[in-house]
Amino acid sequence: MASTLEKFIHSLDPRALPRVLQIQSGIYFQGSIYEMFGNECCLSTGEVIKIIGFKINKLIASICENNEVSQFSAKVELPLNFPGLYKVVADKTPYVSIEEITRKVSIGPTRFGHPCFYSPEDIKLANLTIKHGEQITFNSVEKVNGTMAVNCGVVRNNQSHSFTLPLSQEGKFYECEDDQIYTLKEIAEWKIPKCRNRIVKLSNTLHTWDSSNPLPENFDGCLILTPVYEVQAVMKFRKDIVHILSDLDVEVKDITDCYDISSFLQPLSLEDVFERTSKEFPMVAEIMEGPSGSQKPYNLLHTGKEIVIYKKYQATRVLASEIRSDSPKRHFLIPMSYKGKFKRRPREFPTAYDLEIARSEKEQLHVVATKAFDSPHKELFSVSVGDQFLVQQCQTSEVLYEGRKKVIDVLACEQILSDTYKKVLLPMYMEGGFVEVIHDKKQHQLSEICKEFRLPFNVKVSVRDLSVEEDVLAAVPGLQFEEEITDSYLLISSTSSPVESWEIPVYRLNMSVHLLSRDVQTFVPPATKTTVEEISEEQYYMVRRYENQTLHPPPRPPKKPTTLAPKPVFAVPKQGVSDVLQAPKNFCADTTKKLCSNQAADVSELQVSCPNDLMHRENKNDMTGKATLVETSVIKGLTNKALGKCEAEKEKEEEHNYDYVDENIIENIRKVFQDTTVRNKHALSEGRRDI
């Protein structure tokens, strides 16, 4: 049965791709030429095309009144990057089965892909009963004991309970209210169900309005969004991929079941190529759709170019981010073959627990306090701005709390005084602020840093990589090496001039090829070129999603009732600035000796690891405090004084001086997560059950 292209695409399940369509009729008659994105394609009546993919290209919006389209409302076209943040209005029409939900709603690994529904009736499972009105979170779809099912979860009394619902489960399932805010692009990718429109409400007004804005001035109402898809298709006698908008006025017929689909060229994504067995490499391929970008080798991978794909493999990269107080930050993936050199920059530590994570047996960690902390226990040390410490080890200590002894985790340190050292204990929950004092003036290779130091690690390029034309890292004022990652790559070269080979990432490069039945001239790839890859913010979070999460500080015990007058927030150090760090002249040598002599002490008290069940810490106190002028001047004076002692005996040829503290280092140290969303959802769920 023939249908419009728009209707067919709106109802098409992506899992059913590819599909073969025949053009039936429309305004594009035989011989007509249609151009989209620079690709001309002839959509003749009777023409056969193979649909290989589709995605939302733009949105058609209508002003909504009482969840209905206003009869006086004109339709406007909104690009996906249209500014503003929007709240999704829950669909009042129920879904009749779990299978319908999985077919029409996007369910995926990101936070956007976890839709929530509720049932007006109880759902009885083997070992659990889902109460009516209870919010059910859909996490993933997979095969369980040979049957397709959805992994779900409910939260009761702050405890998560997991279960599965088979796709055959029937009943009425209503969409839950969503109190999150999204961009139009996020809504288009995750929040528009198939065969349904989506109502959204503008959450924040646009910053500026002009006559080119398609929405009325000061508009803050609801919009009904209808998607327009960009369809990727292959034609019989073309070697490239054509792009067609779904609102093209043609009728099509699905003839997949009665057509030889192998007669079309078979486009392969880089993921498809990577899934091939190692024995199939090397292979010759022609690019059907090349990536965008001016950086090598992407500017060489244009449509129609023939390449040799030598092999697939996993390679190590260092994930690095630009150090800056404002956003957005730039992110990079640096290969281990990078030939530039780095010098260290000071690290910032918002808590004592972060000091324990960064502590190394090979090097004494020396820090300056940038925020005061008044200890609630007399057994533990109260910190003033400008206090300096040498970090020793994590251990336990008894403190008196409400008349009872309590064992807590503490960090053993040595406070640096004018002419001596004093042993002190800092609570691991301490919400302070510390800045590292750098004594190491060496230039380090990337591989050396990863081997000798613990990440994250702050650096700046001191010698650029001379093997490349332009080193993008050389212009970055500071970098933080966050972690080592392992990623998938293909090794390729040009068939016409195989002078050098390139590594291309499998999961971040949008490129399609088709394989050619030709023999490879040589199985040995030419010299391999690796480049520093700059990645987007979205790619950065996708990369980090697969890595281990950073440990959180342990929770702070209940606060001791205040009986004494509070200490000033920004206290001046106990000794004067001029008297600080009047230690022996060779401070660095003394520090090393002291570390060696103290390593044997208190071994029995060394705690190997901190409990994992203490990962969720109270965040009632704001940790994003900014340093005042008084605080900054004290820190600068202390740090300059301290490093001056060490640098007097260093090589004078070194021009780079690291005895500084950036005024913005305290800003945005930790984002405070609010539990308002959880409470609202819980209250809403309770309200439904009471109905």
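Guide: Let's start at Trp 502, which stands opposite Lys 529 in β37. One thing to keep in mind as we go: this is a predicted model. The strand we're visiting is β35, which covers residues 500-505. It's mostly covered, with five of its six residues buried.

Now for the neighbours. Strand β37, made of residues 527-529, pairs with β35 in the parallel sense, over three bridges. Strand β34, residues 479-494, pairs with β35 too, but in the antiparallel sense and over four bridges.

Six strands form an open sheet, and their order is β9-β16-β10-β13-β14-β15, with antiparallel pairing. At the edges are β9 (95-97) and β15 (159-166), each of which pairs on one side only. On average, neighbouring strands of this sheet are turned by 45 degrees against each other, if you ignore direction. Look at the β9 end: β9 and β16 (residues 170-175) pair in the antiparallel sense over two bridges, and the bridge partner of Ser 97 is Glu 170 in β16.

The structure holds 13 aromatic pairs. One of them is Tyr 118 with Tyr 174, a stacked pair at 5.7 Å centre to centre with 25 degrees between the planes. Tyr 118 lies in strand β10 (residues 116-118) and Tyr 174 in β16, so this pair ties together parts that are 56 residues apart in sequence. Phe 389 and Phe 434 have ring centres 6.4 Å apart and planes at 75 degrees, so that pair is edge-to-face. It links distant parts of the chain, with Phe 389 in strand β29 (residues 388-401) and Phe 434 in strand β32 (residues 434-436), 45 residues apart. Both Phe 389 and Phe 434 are buried.

Back to Tyr 95 for a last stop: Tyr 95, Phe 117 and Phe 138 form one aromatic cluster. The charged end of Arg 196 sits over the ring of Tyr 95, 3.7 Å from its centre. Elsewhere, Lys 312 lies over the face of Phe 274, at 5.2 Å from the ring centre.

Notes:
Residues are numbered from 1 along each chain as its sequence is written. This is a predicted model: local features need pLDDT of at least 70, side-chain atom pairs count only at pLDDT 80 or more; totals for chains, interfaces and linings use all residues. Side-chain values use heavy atoms; hydrogens and water are left out. Buried means under 20% relative accessible area, exposed over 50%, partly exposed in between (1.4 Å probe, protein chains only). Two strands pair if DSSP finds at least two bridges between them. Axes are lines fitted to C-alpha atoms, for helices over the stretch in contact, and angles run from 0 to 180 degrees between N-to-C directions. Rings of Phe, Tyr and Trp (its six-membered ring) pair if their centres lie within 6.5 Å; planes under 30 degrees apart count as stacked, over 60 as edge-to-face and the rest as tilted. A charge sits over a ring if NZ of Lys or CZ of Arg is within 6 Å of the ring centre and within 35 degrees of the ring normal.
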